[in-house]
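Let's take a walk through a protein model. Have a look at the chain first, and then we'll go through it piece by piece.

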Amino acid sequence: MHGILRIHLLLVLCMFKFISICGVFKGDITKDGKLYIDNKAIHVFNQTKPADINWGSVGADYIVESTVSVARTNLNNAAAHLKGGAKKVIIAESSSDALMFVCGVNLDAYKPEYTVISNASSTTNCLATIAKVVQDKFGIEEVFMSSIRAADIIDIPVTNIIPTYTGAAESVGR
């Protein structure tokens, strides 16, 4: 299980400004209790428990739970954001018990009354769309998948970039 990272506002500022595939951000970035990007305020909460984040105080209706903490991908744990005033929570990872939707695969089954859903993992989103096309056109009897990813800057120390487990295989099968 991943530890919950309490991130400092200055680190958020530096990561946004300098760590991007798009190069250095050329706009204005400052901090004063909030992160300001081109004079637009972005609230940064430094809480480890979703229920303690006061989403309602900043008018945040839709929350993307993207900590990728195993504990947060659980339906009940992700739903804790609702206690802080959020209206909907989207888990940006595969979930063992939340309804999972992948654009181009099963998004038509989504209903507005759902308050917590999973948008699956990045690997699942890549594989599921291709698998759907192949399944619909030819049929699939058996599949072998491989997932190799770059190390994240927060994954320190990095000893291996090849994961030993990914939930994508189960998710694509669902």
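## A look around the chain

Among contacts in the protein chain with a separation of 6 or more, 49% join residues 24 or more positions apart; contact here means heavy atoms within 4.5 Å. This is a predicted model, where local features need pLDDT of at least 70 and side-chain atom pairs count only at pLDDT 80 or more, while totals for chains, interfaces and linings use all residues. Residues are numbered from 1 along each chain as its sequence is written, and side-chain values use heavy atoms, with hydrogens and water left out.

The protein chain has four helices and seven strands, taken from DSSP runs (helices: H or I, at least four residues; strands: E, at least two) and numbered from the N terminus. Of its 174 residues, 25% are buried.

What does helix α1 (residues 9–18) keep buried? That would be L9, V12, L13 and K17. They sit on the same side of α1, because they cover an arc of only 125° around the axis (the arc of the directions from the helix axis to the C-beta atoms). The buried residues of α1 pack against β1 (29–31) and β2 (35–37).

Now for three residues with more accessible area. Buried means under 20% relative accessible area, exposed over 50%, and partly exposed in between (1.4 Å probe, protein chains only).

| Residue | Relative accessible area | Class |
|---|---|---|
| C103 | 46% | partly exposed |
| C126 | 52% | exposed |
| I130 | 55% | exposed |

I130 belongs to helix α3 (residues 122–137).
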